[in-house]
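Please keep the view open as you read.

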Amino acid sequence: MNKTRKVPAWVGDVLLIITAVVWGGGFIGVAKSLDTLGPFYMIALRFLIASILMLIVFGKKLKKVTRNDIWAGIWSGTFLFLGFAGQTLAAKYLSVGKLAFLTALNVLIVPFLARLVFKEHIKKHNIIASIIAVIGFGFLNLTKDTGFSMGIGEVLAVVGAIFFAGQITALGHYTKKIDVCILSVIQMIVCCILGFTCAIFLEAPPTQLNIEMLLPVGYLGVFSTFVAFLCQTIGQKYTSAARAAIILSLESVFGTLFSVMLLSEVLTVTMTIGSFLILLSVV
């Protein structure tokens, strides 16, 4: 009799770490893409590339798609799109490092969403971590001239983090029940459709294609979307939503490192303290 081989938890952790590294680089791709594209066209194109690759690799599996698969993909894909919409719009106002750490707030939101939606118990350390994160958020938004500064960029980044938390929570629920490959395909397609829908109504289409546009969008589509979300979706099958959120929050660390190395961004003392506190709260 054939025995099903149990996949160890560390495999899921490794896949999620890969996701965090690639997402960290994605902050650079987003910043560069916005030089030549509107936010929604950028989202639409990156998910178009990812959707095509997903269909090439897993298209045959869609023959077995069920109604539950479709609804799961629609829910997770919608949360994912709204998360990226908030994050991408915020990138127009914030530095890459600051945006990366504000995005990391999603890890603190996941336990509360799991409590609200799935009635999971909130542990005491979640409350403590949230308090530390709020303090860190304050330091991250302190400026020398005006003190605490909370602008449209910060609001959009936090809204994006909330929707990313919704997507992580949804995946934690659905990946235990349905085919993760089918779920990945559907959520990519949903994001692509929503991206083009918003872009058509809200933005002027790009007038030309050049290397400055194609390189960052290509990276975002192939690596930050196709590879990363495939790793995330499969990785979350072998771990909890809360643990996945903790590992994925490392994207903020990698995003900040890449911004300093590649974009020569400088972190102020207060931003460094705030970033450290947010990272501490995540850990």
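**Ground rules**

This is a predicted model, in which local features need pLDDT of at least 70 and side-chain atom pairs count only at pLDDT 80 or more, while totals for chains, interfaces and linings use all residues. Residues are numbered from 1 along each chain as its sequence is written, and side-chain values use heavy atoms, with hydrogens and water left out.

**Overall make-up**

The protein has 12 helices and two strands; these are DSSP runs numbered from the N terminus, with helices being H or I of at least four residues and strands E of at least two. From the N terminus, their order is α-α-α-α-α-α-β-β-α-α-α-α-α-α. Of the 283 residues, 50% count as buried, where buried means under 20% relative accessible area, exposed over 50% and partly exposed in between (1.4 Å probe, protein chains only). Among contacts (heavy atoms within 4.5 Å) between residues at least 6 apart in sequence, 89% join residues at least 24 apart.

**Empty spaces**

Rolling a probe the size of a water molecule over the atoms shows where empty space is left. On a 1 Å grid over the protein atoms alone, a cavity is a set of points where a 1.4 Å probe fits but cannot get out, whereas a pocket is an open set with protein on both sides within 12 Å along at least five of seven lines; lining residues have an atom within 4 Å of a point. Grid points are joined across faces, edges and corners, and a volume is the space filled by probe spheres set on the points.

By this rule there is one cavity of 30 Å³ or more.

| Space | Volume | Lining | Residues nearest the centre |
|---|---|---|---|
| Largest cavity | about 160 Å³ | 17 residues | Trp23, Phe84, Gln87, Phe164 and Glu251 |
| Second largest pocket | about 180 Å³ | 12 residues | Phe79, Val117, Gly166, Thr169 and Ala170 |

Which helices supply at least two residues each to the lining of the largest cavity? They are α1 (9-33), α3 (67-90), α7 (152-174) and α9 (211-235), and α1 gives the most, with four residues. This lining has nine nonpolar, six polar and two charged residues. In these classes, Ala, Val, Leu, Ile, Met, Phe, Trp, Tyr, Cys and Pro count as nonpolar, Asp, Glu, Lys and Arg as charged, and the others, Gly among them, as polar.

For the second largest pocket, α3, α5 (106-118) and α7 each supply at least two lining residues. The largest share, seven residues, comes from α7. By class, the lining of this pocket has nine nonpolar, three polar and no charged residues.

**Helix α11**

The buried residues of α11 are Glu251, Ser252, Gly255, Thr256 and Ser259. Seen down the axis of α11, they fall within an arc of 135°, so they line one face of the helix; the arc is that of the directions from the helix axis to the C-beta atoms. After α11 comes Ser264, whose phi is positive, near 55°.

**Two residues to look up**

Ser281 sits in helix α12 (residues 269-282) and is buried, with a relative accessible area of 6%. Leaving aside residues up to four places away in sequence, Ser281 touches Leu108, Ala129, Ile132 and Ala133.

Val227, in helix α9, is partly exposed, with a relative accessible area of 27%. The C-alpha atoms of Val227 and Val22 are separated by 8.4 Å, although these residues are 205 residues apart along the chain.
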